[in-house]
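Please brief me on the packing of this protein chain, working from the sequence and the three-dimensional structure shown here.

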Amino acid sequence: MNQPSVLFVCLGNICRSPMAEAALRARAVEAGIAVTVDSAGTGDWHVGRSPDRRAIIEAGRHGIDISGYRARQAKAEDFLRFSHIFALDPQNLRDLQAIAPRRHLARLELLMDLVPGREGTAVVDPYYGDAEDFERAWADVSAAADVLIERLGR
């Protein structure tokens with residue numbers, strides 16, 4: 001893998017992981033860094049659906065249109081396609097570890113482990129919350145995207 005490739009994974013791929021994908025894509029463009037970015041969910045019940053309308057609204061507040069994103073489920077092949085796979089919470093990290101092939105290329109990590117002082121914590125799951133929870137989730141994924149861009153730019 002010459003170009004870094006990043007996959008963000010949450011539960012349903014309609015809130016947190018598409019926002020993380022959008023935040024990193026935007027930061028990469030701003031920094032002039034070539035990176036492949038995608039997102040997925042460990043669950044399959046939203047496959048093919050667009051992101052939650054509240055996630056679309058929150059990304060839009062930051063000038064990013066994610067309405068064309070479509071949910072998909074993470075699969076074993078992702079561990080061979082991506083150099084980095086970030087789970088957005090500890091349970092999804094465990095679920096990813098369970099489906100990871102014995103030999104794979106991806107570095108599997110918890111996303112907030114990138115952010116000093118947030119190690120071991122989850123990106124807030126806004127699904128059952130309100131607009132403020134989506135704002136908090138955006139702040140989390142944006143902070144992680146900033147650190148990722150710094151690391152990828154080295």
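S142 counts as buried because its relative accessibility is 7%, where buried means under 20% relative accessible area, exposed over 50% and partly exposed in between, with a 1.4 Å probe and protein chains only. S142 lies in helix 5, helices being DSSP runs of H or I with at least four residues and strands DSSP runs of E with at least two, numbered from the N terminus. Leaving out residues up to four places away in sequence, S142 touches A23 and R27, a contact being heavy atoms within 4.5 Å. The model is predicted, so local features need pLDDT of at least 70 and side-chain atom pairs count only at pLDDT 80 or more, while totals for chains, interfaces and linings use all residues. Residues are numbered from 1 along each chain as its sequence is written, and side-chain values use heavy atoms, with hydrogens and water left out.

**Helix 1**

- Helix 1 covers residues 16–31, and its 16 residues reach 22 Å from the first C-alpha to the last, close to the expected 22 Å, which is 1.5 Å times one less than the number of residues.
- Helix 1 is largely enclosed by the rest of the structure, because twelve of its 16 residues are buried; among them are A23 and R27, the two residues that S142 touches.
- The buried residues of helix 1 pack against strand 1 (5–10), strand 2 (36–41), helix 2 (53–61), helix 4 (90–99) and helix 5 (131–152).
- After helix 1 comes G32, which has a positive phi near 70°.

- The chain passes from strand 1 through helix 1 to strand 2 in a right-handed β-α-β crossover, a term meaning that, with the strands pointing away from the viewer, the path from the first strand over the helix to the second runs clockwise.
- Within this pairing, V6 stands opposite V37 in strand 2, and the bridge partner of C10 in strand 2 is G41.
- Strand 1 also pairs with strand 3 (residues 84–87) in the parallel sense, over four bridges, and there the bridge partner of V9 is A87.

**Nonpolar cores**

- The largest nonpolar core has 39 residues, and those with the most contacts inside it are F8, L24, L88, L111, W138, V141 and L148; such a core is a set of buried Ala, Val, Leu, Ile, Met, Phe, Trp, Tyr and Cys residues joined through side-chain atoms within 4.5 Å.
- Strand 1, helix 1, helix 2 and helix 5 each supply at least two residues of this core, and helix 5 gives the largest share, ten residues.
- A second, separate core of twelve residues includes V9, A40, A87 and L110.
- Leaving aside neighbours within four places in sequence, the contacts of L88 include F8, V9 and C10 as well as R16, S17 and A20.

**Loop residues**

- N13 is in the loop between strand 1 and helix 1 and has a positive phi of about 65° although it is not a glycine; at 3% relative accessibility, N13 counts as buried.
- I64 is in the loop between helix 2 and helix 3 (78–81) and is buried, with a relative accessible area of 15%.
- Not counting residues up to four places away in sequence, I64 touches A22, A26, A59 and W138, whereas the C-alpha atoms of I64 and A74, ten residues apart along the chain, are separated by 23 Å.

**Cysteines**

- A search of the whole structure finds zero disulfides, a disulfide being a pair of cysteine sulfur atoms within 2.5 Å.
- The sulfur of C10 has its closest cysteine sulfur in C15, 6.8 Å away, which is too far for a bond.
- C10 is buried with a relative accessible area of 3%, and C15 is buried with a relative accessible area of 5%.

Conventions: Two strands pair if DSSP finds at least two bridges between them.
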